[in-house]
Amino acid sequence: MFGFGKNTAAKAGPTVSSKLCTDKFTGSYPHVGLYDCQDRKVWVAKPLAGQAIRTSHAKLITGAADATGTARKDRFMCFWFYTPDTGSGHVLGYPIDWSEAHLLLRIDPHWDYDRQKLIPAELTDQVDANIERQARHGHRIIEFYIAGKLKYPFTLHLVAQRAQDSQFYYKRTEPTA
């Protein structure tokens, strides 16, 4: 009756806006998305009048004071999904074939999304393990798109702040029959 013994802290913190996001995707438009590392759930921006790829990740999170804030994004991995022929240019100086679909997952070698803590650069074994955990999250995002039965192949890229910390063309996925 008074809430004693209930674990209310587990759901505390930022959440994804159901007004701006959905957990379903038809494969028809480029968009930004969030992967909730705590709940292990993929969220994609709704079409939003054709601007889903230009939407700020921070705007998709409820409780954010502005559309560029990062403090509330600490448990969410950000990604961009480009359908075929919707992207252009290089990514961190690396050439991308935009005639195909691409999933760009923002990784951070020094931020542990699961444990919510920074990893010092000198702890290289922990940094490497952290990148592997983030790649596993990337595989969960791939599974989300596979479940959507896309009609085209797409490639996962792990994109860090610097090109030398990124892994381009990390995994390619073919459409299911």
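The sulfur of cysteine 37 is 9.7 Å from the closest cysteine sulfur, that of cysteine 78, which is too far for a bond, a disulfide being defined as a pair of cysteine sulfur atoms within 2.5 Å. Cysteine 78 is accordingly in no disulfide, and the count by this rule comes to zero. Cysteine 37 has a relative accessibility of 5% and therefore counts as buried; cysteine 78, at 7%, also counts as buried. Here, buried means under 20% relative accessible area, exposed over 50%, and partly exposed in between, with a 1.4 Å probe and protein chains only.

The model is predicted, with local features requiring pLDDT of at least 70 and side-chain atom pairs counted only at pLDDT 80 or more, whereas totals for chains, interfaces and linings use all residues. Residues are numbered from 1 along each chain as its sequence is written, and side-chain values use heavy atoms, with hydrogens and water left out.

Nonpolar packing was examined next. The largest nonpolar core comprises 38 residues, of which Phe25, Phe81, Leu103 and Tyr145 touch the most other members; such a core is a set of buried Ala, Val, Leu, Ile, Met, Phe, Trp, Tyr and Cys residues joined through side-chain atoms within 4.5 Å. At least two residues of this core are supplied by each of strands E3 (31-36), E4 (41-45), E6 (76-82), E9 (101-106) and E12 (154-159), and by helix H1 (124-147). Helices (H or I, at least four residues) and strands (E, at least two) are DSSP runs numbered from the N terminus. A second, separate core of eight residues includes Ile53, Tyr82, Trp98 and Val159. In soluble globular proteins, nonpolar side chains tend to be buried together. Phenylalanine 25 touches His31, Val44, Phe81, Phe144, Tyr145, Gly148, Leu150 and Tyr152, not counting residues up to four places away in sequence; contact denotes heavy atoms within 4.5 Å.

Aspartate 36 is located in strand E3 and is buried, with a relative accessible area of 3%. Its side chain reaches the backbone nitrogen of aspartate 39 at 3.1 Å. With neighbours within four places in sequence left aside, aspartate 36 is in contact with Lys41, Arg75 and Phe76. The C-alpha atoms of aspartate 36 and arginine 75 are separated by 6.2 Å, although these residues are 39 residues apart along the chain.

Threonine 22 belongs to strand E2 (residues 21-22). A polar atom of the threonine 22 side chain lies 3.3 Å from the backbone nitrogen of lysine 24. Beyond neighbours within four places in sequence, the contacts of threonine 22 are Val42, Trp43, Val44 and Lys46. Between threonine 22 and proline 47, 25 residues apart along the chain, the C-alpha separation is 9.8 Å.

Serine 166 lies in the loop between E12 and strand E13 (167-173) and is buried, at a relative accessible area of 11%. A polar atom of the serine 166 side chain is 2.9 Å from the backbone nitrogen of alanine 160.

A search of the whole structure finds one cavity of 30 Å³ or more. The largest cavity holds about 50 Å³ of space and is lined by Ile146, Lys149, Leu150, Tyr152, Pro153, Phe154, Thr173, Glu174, Pro175 and Thr176. A cavity is a set of points, on a 1 Å grid over the protein atoms alone, where a 1.4 Å probe fits but cannot get out, and lining residues have an atom within 4 Å of a point.

Key
Polar contact = N/O pair within 3.5 Å; in protein donor to acceptor, adjacent residues only side chain to side chain. 1 Å grid on protein atoms, 1.4 Å probe; cavity = no way out; pocket = protein on both sides within 12 Å on 5 of 7 lines; lining within 4 Å. Points joined across faces, edges and corners; volume = space filled by probe spheres on them.
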